[in-house]
Amino acid sequence: MDKSLRVLMLVSNNLAYDARVRKEAQTVAEAGFDTIVIGAGTEVPTDLEDAPYRFMLVEPWYKGRPLAPKWGRETVWYPVRVLINRTVAPWRRRRWNAEFVNDSPYIPFISRPDIESMGVAQNPAIVHCHDLDTLWAGWRIAQRCGSVLIYDSHELYLELEYLPEERRRQFAQIEARVFPLVDAFITVSPEIADALIQKYQSTITPVILYNGGTHVVASTKPVSKPVKLFFQGKFASNRNNVELICAMQHLHGRATLTLQGWGPDEKNYRNVIVQSGLENVVTILPPVPISQVVDSANDYDVGVINIPPLSEHLTHTLPNKLFDYMCGGLAVASTSLAAIKGVIDEAGCGITYESESVDSTAHALEKLVSDPARIQSMKEASLAAAPRYAWPAQEKKLIALYKELAKKVQEESCRRAREH
């Protein structure tokens with residue numbers, strides 16, 4: 001692949017935690033594309049300093065140039081950074097605001113003129129937008145640079161339960177306007193693909209990239225006594241982990257629960273554990289590097305997903321943790337969400353249950369942990385099905401798409417050359 005063919009990936013999430021974007025960027029860069037990722041954060045994650053792709057951090061920047069350099073390790077003396085951010089940065093932001101913020105019908109949180117400014121300066125051949133909150137900026141970059149445009153929908157963004165209504169309205173306008181114009185559409189589940197294609201009556205062929213684990217472990221481990229339940233991921237209210245913690249009181253010492261991750265609800269989790277007297281039953285661990293997530297899961301027996309069906313987004317998505325559990329050789333216990341249930345039922349790797357209360361969650365888990373032989377069978381089924389969903393299988397689809405788009409870019413370049 002021609003290394004001069006530049007790919008610009010856009011994401012509003014913190015790169016320290018976004019496993020999907022990191023895996024996709026790694027794959028595209030290793031396939032031979034000059035890959036740049038624009039994302040949130042104050043410093044490049046230390047475990048990615050040797051990554052084959054480059055980073056640009058959203059703040060603080062101006063027209064594609066850093067106000068304080070942020071490539072790789074921090075190399076600017078701290079007092080100098082402070083001085084720049086208190087003097088040059090505000091002045092440049094005022095100029096930036098005048099040029100880019102006023103050139104959009106949407107508020108900056110939605111239009112992301114900061115990302116647009118940085119992206120245009122890179123003159124990419126392919127723009128890859130991760131989720132709806134970067135689609136407007138990505139489309140504008142593609143328009144200005146003559147780029148091919150990819151929309152990578154990780155979720156049904158307009159169905160997010162916490163999205164304020166005014167923002168939902170503006171994002172809906174953007175999706176309706178831009179979705180019919182994209183050159184490629186990637187998403188995480190067949191359910192999301194069907195929902196968006198039917199909504200916009202599109203003829204585009206979706207590429208389903210499951211959020212598969214980085215690798216599959218060699219073998220499962222025997223079921224522990226007590227059974228080791230496991231949650232891995234973000235500590236947020238819509239994960240319903242407070243109910244899960246409280247359910248542990250009903251398992252009578254036949255199981256332990258470990259929550260490994262990060263997020264705003266951690267303090268609340270700890271308070272509930274203490275108030276419920278579960279300090280010897282429920283443990284909270286910090287997140288591990290993304291490359292170690294699957295191996296970390298391998299130490300447990302049952303991966304739990306206790307998400308309630310609060311929105312169409314939650315019922316249609318396939319979270320990373322489902323496939324990390326499977327790649328780690330765990331049985332899976334999940335609330336009955338359509339997309340997740342489809343994978344579990346097909347693989348025979350777990351149970352689904354209705355999440356109606358602490359008691360209903362406890363009853364479903366208690367029935368499962370009382371049958372270690374069944375858990376072991378499910379663990380083996382997870383491991384057997386995992387290679388289909390693991391990233392080594394998924395990245396082949398991504399590479400095929402990029403080769404197709406590269407051919408399109410090169411043909412268009414030849415056509416323009418002939419015309420001139």
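# A guided tour of the predicted model

Of the 420 residues in the chain, 55% are buried, where buried means under 20% relative accessible area, exposed means over 50% and partly exposed lies in between, with a 1.4 Å probe and protein chains only. This is a predicted model, in which local features need pLDDT of at least 70 and side-chain atom pairs count only at pLDDT 80 or more, while totals for chains, interfaces and linings use all residues. Residues are numbered from 1 along each chain as its sequence is written, and side-chain values use heavy atoms, with hydrogens and water left out.

**The whole chain**

Begin with a cartoon view of the chain, which contains 17 helices and 15 strands. These elements are DSSP runs numbered from the N terminus: helices are H or I with at least four residues, and strands are E with at least two. Contacts, defined as heavy atoms within 4.5 Å, may be considered next. Among those in the chain between residues at least 6 apart in sequence, 71% join residues at least 24 apart.

**The open sheet**

Select β10 to β15. These six strands form an open sheet in the order β12-β11-β10-β13-β14-β15, with parallel pairing; two strands pair if DSSP finds at least two bridges between them. At the edges are β12 (282-285) and β15 (350-353), each of which pairs on one side only. From one strand to the next the twist averages 20°. For such angles, axes are lines fitted to C-alpha atoms, for helices over the stretch in contact, and the values run from 0 to 180 degrees between N-to-C directions.

Now select β13 (residues 302-305). Two bridges join this strand to the parallel strand β10 (residues 227-234). Here L229 stands opposite V302, and F230 stands opposite G303. On β14, the view shows four bridges to β13, again with the strands running parallel; I305 stands opposite S334 there.

Show the side chains of β13 as well. V302 and V304 point one way, G303 and I305 point the other way, and all are buried. In a regular strand the side chains alternate between the two faces of the sheet.

Within α14, select G342. G342 counts as partly exposed because its relative accessibility is 36%. G342 is ten residues from T352 in sequence, and the C-alpha atoms of the two are 9.9 Å apart.

**Helix α6 and its surroundings**

Select α6 (135-145). Nine of the eleven residues of α6 are buried, including W136, W139, R140 and C145. Among the elements that cover these buried residues are β1 (6-14), α5 (113-122), β6 (126-130) and α7 (165-178). G146 follows the helix and has a positive phi, near 65°.

**The second largest pocket**

Stay in this region and display the second largest pocket, which holds about 410 Å³ of space. Of its 21 lining residues, the closest to the centre are A125, C145, G146, S147 and V148. On a 1 Å grid over the protein atoms alone, a pocket is an open set of points with protein on both sides within 12 Å along at least five of seven lines, whereas a cavity is a set where a 1.4 Å probe fits but cannot get out; lining residues have an atom within 4 Å of a point. Grid points are joined across faces, edges and corners, and a volume is the space filled by probe spheres set on the points.

Elements that each supply at least two lining residues are α6, β7 (148-153) and α17 (391-419). The most comes from α17, with five residues. By class, the lining has ten nonpolar, six polar and five charged residues; Ala, Val, Leu, Ile, Met, Phe, Trp, Tyr, Cys and Pro count as nonpolar, Asp, Glu, Lys and Arg as charged, and the others, Gly among them, as polar.

**Backbone details**

Most residues other than glycine have a negative phi, and most peptide bonds are trans.

- D131, in the loop between β6 and α6, has a positive phi of about 80°; D131 counts as buried because its relative accessibility is 6%.
- N240, in the loop between β10 and α9 (241-247), has a positive phi near 60°; N240 is buried, with a relative accessible area of 18%.
- P226 lies in the loop between β9 (207-208) and β10; the peptide bond from K225 to P226 is cis, with omega near 0°.
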